[in-house]
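Please look at the sequence and the structure below.

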Amino acid sequence: MQTATSPDVPQGVRQVEIGPERDGQRIDNALVTLLKGVPKSMIYRLLRTGQVRVNGKRAKPDTRLSQGDMLRIPPVRVAERPAQESASQSAITAVAEAVIFEDKHFLVIDKPSGMASHGGSGVSFGAIELLRQARPKDHLELVHRLDRDTSGVLVFARTRAGLTGLQAAIRAGEVTKQYLCLMVGHPQKAKFDVNAPLKKFVLQGGERMVRVADDGKPSLTFFREMEQYAGARLMQATLGTGRTHQIRVHAAHIGHPVAGDAKYGDKEANKRFRERGLHRLFLHASHLSFELDGRAYSFSAPLPDELKSVLDALSTKGKSTRRPWIG
């Protein structure tokens, strides 16, 4: 059975029965294809205001659909649609040049810091929109996300089998995700884990935040020291779970926030690191690996030159212990 649509005549509401091709898909991504040409900002507004419902219940952007679900889509006035926008050629070229792997099922980029994973919330074009413009003949879906200020490995699916297979592996905890981060100060141990539940909340001005809370979702991060610097440690962080801002909040929770973190970090420490050339969040998705249908996938992205230069500057300030992996 394919996804089927039936009209709800009085208000022009559509009732869509979800077929197997959308089983497990995020609702925001499904709406992008079901409401072709409608701006993402409008789609997220419909979700925020509760106009989109699944089986009669309000849906959030990260709600996942299941085969047989009934999706209620409100009427969308076509007159509100702006003319088709196009990103700058430089932005399209930047994402096209960031591709580090592709096969039948996946396309992987080394995402630059400052580029959102997808559009919305004031961002017109994220990596997925830019890639779709760079490769108009490809069918591309975002498998997971990275924070806008985080660089590194970001995976897109080129087939439904790739998308649902990898997302299922992520939910089952069968995907290894490793990051490099510069921690402020000196953690007492070279190898430790942070097991602290995390909960999302919204500030009065609308800004999203995450904090450690007893009623939050279970969250686990494994930290391992890679290099030592005066006033900082370069750490490898391996995710045991994949919560929003997890590494950043866990690092701040133990008193050693990620350098350059304007949201959860130490302002005075960030000022000192700026003097050493750090003008972004020092967090990089360096490695992602998994198995799918008997094949092993492993993607790696080297530490960006802009972060390497910060480490070089810190080395001149005080003694550092270099590991051979840094390259």
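The paragraphs below go from the chain as a whole to its ring pairs.

This is a predicted model, in which local features need pLDDT of at least 70, side-chain atom pairs count only at pLDDT 80 or more, and totals for chains, interfaces and linings use all residues. Residues are numbered from 1 along each chain as its sequence is written, and side-chain values use heavy atoms, with hydrogens and water left out.

The chain has eight helices and 17 strands; these are DSSP runs numbered from the N terminus, helices being H or I of at least four residues and strands E of at least two. Of its 327 residues, 48% count as buried (under 20% relative accessible area, 1.4 Å probe, protein chains only).

Rings of Phe, Tyr and Trp (its six-membered ring) pair if their centres lie within 6.5 Å; planes under 30 degrees apart count as stacked, over 60 as edge-to-face and the rest as tilted. The count by this rule is eight aromatic pairs. Phe-106 and Tyr-297 are edge-to-face because their ring centres lie 5.1 Å apart with the planes at 80 degrees. This pair links distant parts of the chain, 191 residues apart: strand E7 (residues 106-111) holds Phe-106 and strand E17 (residues 295-300) holds Tyr-297. Both residues are buried. They also belong to one aromatic cluster with Phe-101, Phe-290 and Phe-299.

Phe-192 and Phe-223 form a stacked pair, 5.3 Å centre to centre with 25 degrees between the planes. Phe-192 is in strand E11 (residues 191-195) and Phe-223 in strand E14 (residues 220-229), so the pair ties together parts 31 residues apart in sequence. Phe-192 and Phe-223 are both buried.

Methods. Buried < 20%, exposed > 50% of the residue type's maximum accessible area, 1.4 Å probe, protein only.
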